[in-house]
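Subject: Structure handover and notes

Hello,

Please find the structure below. My notes on what was found in it follow.

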Amino acid sequence: MNDKPPEILISEGEIARRVIELAARISEDYRDKAPLVLVGVLKGSFIFLADLSRRLTIPRTIEFIAVSSYRYGSVSSGAVRLVMDVRGNIEGKHVLIVEDIVDTGHTLHYLIGMLKSHRPASVRTCALLHKAERAEVDVDLDYIGFSIPDKWVVGYGLDYAEQNRTLPYIGIIEPSD
Ligand code: PRP
Ligand code: 7HP
């Protein structure tokens, strides 16, 4: 492992301000469509989902989903497998998928298709971070916190080999693979 502390890319304060802005927009957009079902993608989205959901001013419920992304260190194979589906019935409901990061886009592409098979009223997407340069598949992103460069980032839920998820800021590290 790399023992240099991650270099700050997005500070705790910047994240907090952006989460408030996103929550205000989402609350406005779903004012007449509530209750909104927020679907957090484990594990990385757990902190973002917790902060975002508490800033919404509309009725909302929380679901989680887990996928396995067949990643080798920092390199994605593009193959995604469902590990845990939503527990509640989302048929006819408005769904917002909440991701920490969209990198190649394979995970979100898979999840949109998977969740649509539950026949919700709508499916939209919200990602705190977007690495546009890395896109391998096209996915519609409805709400984006920050566009970031092609660097490996950790903190605020994101990890490298399960390390650094609980850093309060988004930091850059040099992956060892
Ligand atoms: C991360 C992240 C996204 C996915 C994005 O999850 O939380 O779900 O990668 O990558 P992609 O756009 O290239 O598909 P990861 O597989 O690292 O699992 P974790 O959330 O449990 O850390
Ligand atoms: C997944 C992921 N997880 C943590 N940091 C990154 O930069 C990542 N890209 N894709």
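How many aromatic pairs does a search of the whole structure find? The search finds one. Rings of Phe, Tyr and Trp (its six-membered ring) are paired here if their centres lie within 6.5 Å, with planes under 30 degrees apart called stacked, over 60 edge-to-face and the rest tilted. The ring centres of W152 and Y160 are 6.0 Å apart and their planes stand at 75°, so this pair is edge-to-face. Both W152 and Y160 are buried, where buried means under 20% relative accessible area, exposed means over 50% and partly exposed is in between (1.4 Å probe, protein chains only).

Before the rest, the conventions. This is a predicted model, in which local features need pLDDT of at least 70 and side-chain atom pairs count only at pLDDT 80 or more, while totals for chains, interfaces and linings use all residues. Residues are numbered from 1 along each chain as its sequence is written, chains are lettered from A and ligands numbered from 1 in the order in which they are written, and side-chain values use heavy atoms, with hydrogens and water left out.

Ligand 2

An N or O atom in the side chain of D103 is 2.7 Å from a nitrogen atom of ligand 2. For W152, a polar side-chain atom lies 3.4 Å from a nitrogen atom of the ligand. V153 takes part through its backbone, with a polar atom 2.6 Å from a nitrogen atom of ligand 2. Taken alone, ligand 2 exposes 260 Å², and the protein buries 93% of that (accessible areas by the Shrake-Rupley method with a 1.4 Å probe; for residues, only the protein chains shown count as cover).

Helices (H or I, at least four residues) and strands (E, at least two) are DSSP runs numbered from the N terminus. D159 counts as buried, at 18% relative accessibility. The side chain of D159 reaches the backbone nitrogen of E162 at 2.7 Å and makes a polar contact of 3.5 Å with the side chain of R165.

In general, most residues other than glycine have a negative phi, and most peptide bonds are trans. A161, in the loop between β10 (152–154) and β11 (170–173), has a positive phi near 50°. A161 is exposed, with a relative accessible area of 51%. E162, in the loop between β10 and β11, is not a glycine either and has a positive phi of about 70°. The relative accessible area of E162 is 43%, which makes it partly exposed.

Cis peptide bonds and a charge over a ring

Where are the cis peptide bonds? A34 and P35 are joined by one, with omega about 5°, and the bond from L42 to K43 is cis with omega near 0°. P35 lies in the loop between α1 (12–29) and β2 (36–42), whereas K43 is in the loop between β2 and α2 (46–55). K33 lies over the face of Y30, 5.6 Å from the ring centre; the criterion is NZ of Lys or CZ of Arg within 6 Å of the ring centre and within 35 degrees of the ring normal.

Other buried positions

S27, in helix α1, is buried with a relative accessible area of 4%. I97, in strand β7 (residues 94–102), is buried at 0%. P6, in the segment before β1 (7–10), counts as buried at 12%.

Regards

Key:
Polar contact = N/O pair within 3.5 Å; in protein donor to acceptor, adjacent residues only side chain to side chain.
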